[in-house]
Amino acid sequence: MRKSVKRFSARIPLRLFESQPDERRKDPVMTRESDTSPFPYPLRWRIMDGLESALDAVWPRSMSRYSGWALVAPALLLVGILVLGLANIAESSLHTLDRSTFLPSEDYTLANYQTVADSATYWRVMWRSLLGAALTVVFTLLLALPYSYVMVRTPSAAIRKALLVALFLPFFIGQVVRAYGILIVLGTSGAVNDVLGFVGIGPFRLLFNFPAVVFGLVQYMLPFAVLMLAPALTAIPREIETAATSLGANWIRTFWHVVIPMARPGLVGAGLVVGTLSLTDFAMPAMLGGGSQDFIANAIYDQFFRTADQGLGAALALLLVALGSILVGIAIALFGAGTLGMGGKR
Amino acid sequence: MTRHHTRRGILRAGMATGGAALLTTLPAARVFAQEPAKPGEIIVRAWGGEWVDSLKRGVSDPFTEMTGIAVRHDLTEDNEIQPKVWAAVAQGRVPPIHVNWDTTTNATKSALRGVTEDLSDLANLSNTTELAQPVGLEAYPLVNTYGYVYVLAYRPEAFPDGPPQSWRDLLDPRFKGRIALYNDGIGFHFPAQVAGGGSLDDIPGNMEACWNFVREMKAQNPLLGEDPDFTTWFQNGEIDAACTISTNALAARRNGLDIAWTVPTEGCKFDTDCLWIPKNLPENELYWAKQYINHALSQKGQQVWLDGLGLPGVVPGLTPPEGLAGDPSYPTKPEDFERLIRISSSVQVQNESDWFARFKEIMQG
C-alpha cells in the first residue's frame with residue numbers, strides 16, 4: 001500500500017494532491033477511520049492505481065523513451081502492410097498471363113508496362129482520370145469555399161446547424177447510393193427532365209457522359225472539402241477582416257486579399273484530398289459514365305476481374321500509385337508542407 | 001424340386017421384405033446412411049434477380065428438402081469470385097464457395113488453371129445431352145447446365161414497322177444514344193463480325209469486319225453496362241434496344257415492361273453456363289457439392305430451374321416455358337441453331353482478353 005501511495009502522489013496533478021488535506025478536514029468520518037484503519041482511497045483512485053500497476057507491468061518506466069514509437073507502431077504496421085501489398089503488386093506486374101494455364105508466367109518481364117505504354121486506350125483513360133480529378137478539384141473548391149465561409153462566419157446558430165446537417169447527411173449515404181440517386185434525378189425520365197418538360201424543352205440525355213461523372217464526383221467530394229476548409233477559415237481571426245474593411249477594402253477585396261491567402265493551408269489540403277480521391281474513384285465513372293468514361297480504377301478492375309490478367313492490372317495499379325504520388329509531391333513542392341499546417345516550412 | 005420352408009426362414013423373409021418396404025418410404029436423406037457427414041450448409045455462387053430465384057426454386061430448395069443441408073447463395077459477381085477461388089486454391093485454403101455457377105468461358109479458364117474438381121462420376125450425367133459436355137477439355141472439370149442466346153431485345157414501341165431484321169438497323173440515327181451493349185462487348189463480337197461483312201470462319205484470325213462494325217456502332221453513342229443496367233435502362237426509358245441474354249429480356253417482360261426480342265439475319269451468339277466445384281474442399285463437403293450439381297442435372301431440377309430462366313437445358317424431354325416454344329431464344333432442334341453462332345470455349349478463352357481490349361479501345365475513344 002505504501003508503494004501505491006508513493007506512486008500516486010508522484011503522478012496525480014498537483015491541484016488534486018493539494019486539495020486532499022482539506023477534504024480530510026471536512027470529513028470527520030474519514031478522519032476518524034484514518035486513525036484506526038488504512039487511508040480509505042476513493043474507488044476511482046484505486047482503479048487508477050490498478051491501471052497504473054498494470055501499465056507498469058506491460059510497459060515499464062525504463063521503456064518510456066520508446067513510448068512515442070509504441071504509439072506510432074499501429075500506424076506503422078498499417079503502412080507496412082500497405083507497402084508489403086505494393087511490393088507484392090510490383091512483383092505481380094512483372095509477370096505476364098500464360099493463357100494456356102491462366103497462371104502468371106515464370107519469367108520476369110516489363111511486357112505489362114510496355115502494353116500500357118503502347119495502348120492508346122490506357123493513355124486516354126489516364127488523361128481522362130487526370131482531367132476529371134482536376135476539374136473536380138476546381139469545381140469542388142469553388143463550391144466549398146463559400147459554403148465553409150458562410151458556415152463559419154454566420155452569426156445564426158440555426159443556419160450553421162442547417163449547413164452542418166446538409167453537409168453531413170450525404171456522409172450517411174454511400175457513394176453508390178448517391179450515384180444511384182443522381183441516376184434517378186438526372187435520368188431521361190428524371191426530375192430534372194420533368195421540370196424542363198414543364199417549360200417545353202427536352203428531354204435531354206444528362207447522364208452517361210464525362211460531365212455527368214464530374215458532376216457526381218463534385219457532389220461526392222464537397223463534404224470532404226468543406227470539412228477541411230472550415231478549420232482553416234475558423235483559424236482566421238475575424239478582426240483581420242474587420243481591419244481590412246476599416247482600411248477601406250470592400251468585402252470582395254477582403255475575401256480575395258485576406259481570406260483566401262490565409263485559408264491556403266485548407267485549400268491545398270482539401271485540393272489534395274479531393275484530387276487524389278477523384279483520381280482513384282471507381283463508382284462514379286462506372287455508374288454515371290455509361291461504360292465509356294472509364295477512369296484508371298475501372299481499367300484496373302477490368303484486368304483483375306474481367307480478363308483475369310493480374311499482371312497487367314498490377315502494372316496499372318502501380319502506375320496509378322505513381323501518378324498520385326507525383327501529383328502530391330508536386331503540390332507539396334509548390335506550396336510546401338508548411339502550407340498544409342504541418343509546422344515546418346517544407 | 002421341392003423346397004421346404006421353415007418357420008424361421010419365413011420370418012426372415014418377412015423381415016427382409018418389410019425392411020425393404022420401409023426403406024422405400026423413408027426420405028432420401030435417411031436412405032444414404034453410409035454417406036459422408038453433412039455440412040451445415042453449402043455455398044453456391046449465383047447471379048442475382050431472376051437468376052438466383054430460379055435456381056432457388058428449381059435446385060436449392062429441393063436439395064435442402066432432400067438432404068437437410070441448407071444452401072446459401074453468394075451473389076458475388078462471377079468475375080470477382082474467380083480470383084478469390086484461385087487464390088484460395090493456390091494457397092491451400094478452403095475456397096469461399098462450394099459450387100460456382102459460372103459462364104463456361106470463365107469456368108474453362110479455371111479448369112485450365114487446374115482449380116476445378118472432376119465431375120465425371122455424377123450419376124445424372126448419363127441422362128444429359130451433348131451440350132452438357134465441355135468442349136476442348138478432358139473429362140468433366142465443369143458441366144454445362146443450359147444454353148442461352150444473346151438476343152437483340154427491343155421496345156416494340158420504338159420499332160413500329162416490326163422487329164429489327166438486322167443488327168445494322170440499329171445504326172439508324174434515331175437510335176443514337178438509345179442502344180445498350182455489354183461493357184466488354186460480350187455477345188456482340190460474333191454477330192458484329194457478320195454484320196460488318198466478315199466471315200465467322202475468320203474468327204479469331206481476322207476480325208477487322210467486327211471492329212469496323214463496332215466503330216460504326218460507337219458513332220451511335222451506345223450505353224455500356226451489365227445485366228442489371230439493361231433492365232434499369234429499359235425501365236427508365238433510356239434505351240430502345242440492347243444486345244442481352246434473353247433471360248434478362250424475359251425477366252423485364254415478366255415485370256410488366258413491353259419488351260420483345262429477335263434473332264437478326266446475321267445471327268446471335270449462343271453460349272452456355274455451367275456449374276463447377278473448386279478444389280481444396282473437405283471430402284464430405286465435396287461429396288455434397290457434387291450431389292447438388294447432380295440434382296441440378298435431374299429432369300425435375302432442370303425443368304423448374306430453367307422454366308424460371310426461360311432457357312433450354314441439357315436434359316432431353318424438358319417442356320418449354322409458356323410462350324417460348326419455337327422462340328428463337330429457346331433452341332432445341334438442329335434447325336433452331338442455324339441462325340445462332342457458337343464459337344468453341346477454347347477459342348473464346350484464348351482470345352477473349354484481346355477482344356475485350358479492342359472493344360474498349362474503340363468505345364473509350
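Predicted model: local features only at pLDDT ≥ 70, side-chain atom pairs only at ≥ 80, totals over all residues.
1. Overall make-up of chain B. Chain B holds 12 helices and 10 strands. Of its 365 residues, 55% are buried. Among the contacts in chain B with a separation of 6 or more, 75% are between residues 24 or more positions apart.

2. The interface between the chains. The size of an interface is often given as the accessible area lost when the parts come together. Here, chain B and chain A bury about 2,700 Å² between them, and carbon and sulfur atoms give 45% of that area. Of the area that chain B buries against chain A, 22% is supplied by B:Arg113, B:Glu238 and B:Gln364, more than by any other three residues. Chain B brings 32 residues to the contact and chain A brings 30.

3. A helix pair across the two chains. Two packed helices are described by the angle between their axes and the distance between the axes. Helix α16 of chain A (residues 296-306) packs with helix α4 of chain B (residues 78-90) at an angle of about 65°, and the axes are 8 Å apart. From α16(A), the contact involves A:Tyr301, A:Phe304, A:Phe305 and A:Arg306, while α4(B) contributes B:Asn79, B:Glu80 and B:Pro83. Sorted by class, this contact has 4 nonpolar, 1 polar and 2 charged residues.

4. A helix pair within chain A. Helix α6 (residues 111-118) and helix α7 (residues 120-153) of chain A have axes that come within 5 Å and cross at roughly 75°. This angle makes α6(A) roughly perpendicular to α7(A). A:Thr115, A:Val116, A:Ala117 and A:Asp118 on the α6(A) side meet A:Ala120, A:Tyr122, A:Trp123 and A:Met126 on the α7(A) side. The classes represented in this contact are 6 nonpolar, 1 polar and 1 charged residues.

5. The buried face of helix α8 in chain B. In this helix (residues 227-235), the buried residues are B:Asp227, B:Phe230, B:Trp233 and B:Phe234. Viewed down the axis of α8(B), they fall within an arc of 125°, so they line one face of the helix. These buried residues pack against β4, β5, β6, β7 and α9 of chain B. After α8(B) comes B:Gly237, with a positive phi near 70°.

6. The surroundings of B:Leu55. This residue belongs to helix α3 of chain B (residues 50-67). B:Leu55 counts as buried because its relative accessibility is 0%. Beyond its neighbours within four places in sequence, its contacts are B:Val44, B:Ala46, B:Ser60, B:His73, B:Trp101, B:Tyr292 and B:Trp305. Although B:Leu55 and B:Gly308 are 253 residues apart in sequence, their C-alpha atoms are 8.1 Å apart in space.

7. Backbone features to inspect. Most residues other than glycine have a negative phi, and most peptide bonds are trans. In chain A, a cis peptide bond with omega of about 0° joins A:Gly202 and A:Pro203, and A:Pro203 lies in the loop between α10 and α11. That loop between α10 and α11 also holds A:Phe208, whose phi is positive, near 60°. A:Phe208 counts as buried, at 7% relative accessibility. In chain B, a cis peptide bond with omega of about 5° joins B:Ile203 and B:Pro204, and B:Pro204 lies in the loop between α6 and α7. B:Asn221, in the loop between α7 and β6 of chain B, has a positive phi of about 55°. B:Asn221 counts as partly exposed, at 39% relative accessibility.

Note on methods. Residues numbered from 1 in each chain as written. Chains lettered and ligands numbered in written order. Heavy atoms only, no water. Axes fitted to C-alpha atoms, helices over the stretch in contact; angles between N-to-C directions. Helix = DSSP H or I, 4+ residues; strand = E, 2+ residues; numbered from the N terminus. Parallel < 35°, antiparallel > 145°, perpendicular 65-115°, else oblique. Contact = heavy atoms within 4.5 Å. Nonpolar A, V, L, I, M, F, W, Y, C, P; charged D, E, K, R; others polar. Buried < 20%, exposed > 50% of the residue type's maximum accessible area, 1.4 Å probe, protein only. Arc of directions from axis to C-beta. Buried area = accessible area lost by both parts, 1.4 Å probe.
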